[in-house]
Amino acid sequence: MAKAKTAYVCTDCGAEHSKWQGQCIECGAWNTMSEFVVQPAVKSAGAARSSGYAGAAAGAPQVTPLTSVALTAESRTLTGLGELDRVLGGGLVDGSVVLIGGDPGIGKSTLLLQMLGKLGEQLSSVYVTGEESLAQVAARAQRLDLPLGPLHALAETCIERILEQAVSSRPRVLVIDSIQTIWTELLTAAPGSVSQVRESAAKLTRFAKETGTSVFLVGHVTKEGGIAGPRVLEHMVDAVLYFEGESGSRFRVLRAFKNRFGAVNELGVFAMSEKGLREVPNPSAIFLSAHAGPTSGSAVMVTREGTRPLLVEVQALVDQSSLGNPRRVTLGLEQNRLAMLLAVLHRHGGVAAYDQDVFVNVVGGIRVQETAADLPVLLAVLSSLRDRPLPEKTVTFGEVGLSGEIRPVPNGEERLKEAAHHGFQRAIVPKANASKKGRVGEMEVVGVERLSQAIDASR
Ligand code: TYD
Ligand code: MG
């Protein structure tokens, strides 16, 4: 066999270089070079074709009008874990590659093992463990009360040998726990390095597409919360899911970050118990903290990440700053958005916070990326600044524009219904989202068009 040629790739921008160098000349990043193997091009049909256009090889790809493409409904299998199926977009797709990231100990291995247990006789599977021994996996499966019969595990980290085993045992579902422990014989770099992860994932992706096997990859996350390894990993796979939760809380949220087969930002909610993960099919109220009475700096909002409304609490703490450059810290929200909202609050609400540290947090480790959080954030900030709670049983949502207008958000009616269903008595929402009657069930709905109106309504 010819010696494999190696090259270097910048982990930031993906540029390839033939030699190692300290700085990537493409993007200017330092110390981002990582070795990988250049696969020799296969000299076959392609070469023959390029030597003459006459008579393209039979079976070669052709330009095709999309109307004549036969649509085959992708075949899906329900995993038996409803919340996981929801996040996958309605079940597991044959030949799909799903990457699951999350902090250590959050429950990635538990979730996947439970999934395989549920899939049981329906689909054959192999759980490849690179981190735990077979005995540990078996003990966990037993503790989770899973039927041991259909469960097969393999303790191996070399990708070539894993694929050899997979080809001979032909599982329909293959779980790799974790991709950072997997290495290929082609490379000398250590397992977990960018090149090893990239090469192993590429092999697994090719295997999935060629055989129709569904592959799950467990991925470690970096300190910043992204998946450790090359960014291209996220491009290679069909879906990227994050498993998140607050330390100390037993609730876990599975979130789709990318999904070629379903909606992104779909949330699945689980609770960790001594018998593993339990599904929480009606999660709406679990993310509200249980206050004895009204507290300042807290606003309840209805978010609609994915396909169902969810009640979450936004908390703000505004405190006199001792720094020349006061802090703007957000957890679960976008930081730049907070800076913008504070500017709007100053300009159109007449409330200054330039000498204050502002911290904003979404309770329960939930991440809210939609703009409907604008109004709740501002009202929570204002409430903390004035040390005055919002009226009891009040819920709010709405986008805030730069000119101080309150803009409508999608699915207003559904959000209002969810809030009324959970016993809220007052809603402060964009005028266009408010119903004409001014009520939803027992709940009074106040429609506002300007920030000043919203501030008045929240007194
Ligand atoms: P694990 O799935 O090993 O996490 P990851 O693979 O993401 O690192 O989860 C381990 C944690 O879950 C561990 O802290 C113990 C807890 N746990 C339970 O509380 N109950 C259970 O039944 C199991 C299996 C784990
Ligand atoms: Mg694990």
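This report walks through the aromatic pairs, charge-over-ring contacts and salt bridges of the structure above. Please keep in mind that the model is a predicted one.

**Aromatic pairs**

Let us start with the rings, where the count comes to two aromatic pairs. Y242 counts as buried because its relative accessibility is 7%. F257, at 38% relative accessibility, counts as partly exposed.

The other pair, F243 with F270, is edge-to-face too, at 6.0 Å centre to centre and 80° between the planes. Here distant parts of the chain are linked: F243 sits in strand β11 and F270 in strand β13 (residues 267–273), 27 residues apart. F243 is buried at 1% relative accessibility, and F270 is buried with a relative accessible area of 0%.

**Charges over rings**

Arginine side chains also meet aromatic rings. The charged end of R250 sits over the ring of F251, 5.1 Å from the ring centre. Likewise, R415 places its charged end over the ring of F397, at 5.4 Å from the centre.

**Salt bridges**

Side chains of opposite charge can pair when their charged atoms come close. The structure holds 20 salt bridges, and the table gives some of them.

| Salt bridge | Closest N and O atoms |
|---|---|
| R198 with E16 | 3.8 Å |
| E132 with R140 | 2.8 Å |
| R260 with D238 | 2.8 Å |

How far apart in sequence are the parts that R198 and E16 tie together? R198 lies in helix α6 (residues 194–211) and E16 in strand β2 (residues 16–17), so the bridge joins parts that are 182 residues apart in sequence. R198 counts as buried at 17% relative accessibility, whereas E16 counts as exposed at 52%.

For the salt bridge between E132 and R140, both residues are buried.

Turning to the salt bridge of R260 with D238, R260 is in the loop between β12 and β13 and D238 in the loop between α7 (232–236) and β11, so parts 22 residues apart in sequence are tied together. R260 counts as partly exposed at 48% relative accessibility, while D238 counts as buried at 3%. Finally, salt bridges with shared partners join E83, R86 and R308 into one network.

Technical notes
Residues are numbered from 1 along each chain as its sequence is written. Chains are lettered from A and ligands numbered from 1 in the order in which they are written. This is a predicted model: local features need pLDDT of at least 70, side-chain atom pairs count only at pLDDT 80 or more; totals for chains, interfaces and linings use all residues. Side-chain values use heavy atoms; hydrogens and water are left out. Rings of Phe, Tyr and Trp (its six-membered ring) pair if their centres lie within 6.5 Å; planes under 30 degrees apart count as stacked, over 60 as edge-to-face and the rest as tilted. Buried means under 20% relative accessible area, exposed over 50%, partly exposed in between (1.4 Å probe, protein chains only). Helices (H or I, at least four residues) and strands (E, at least two) are DSSP runs, numbered from the N terminus. A charge sits over a ring if NZ of Lys or CZ of Arg is within 6 Å of the ring centre and within 35 degrees of the ring normal. A salt bridge is a side-chain nitrogen of Lys or Arg within 4 Å of a carboxyl oxygen of Asp or Glu.
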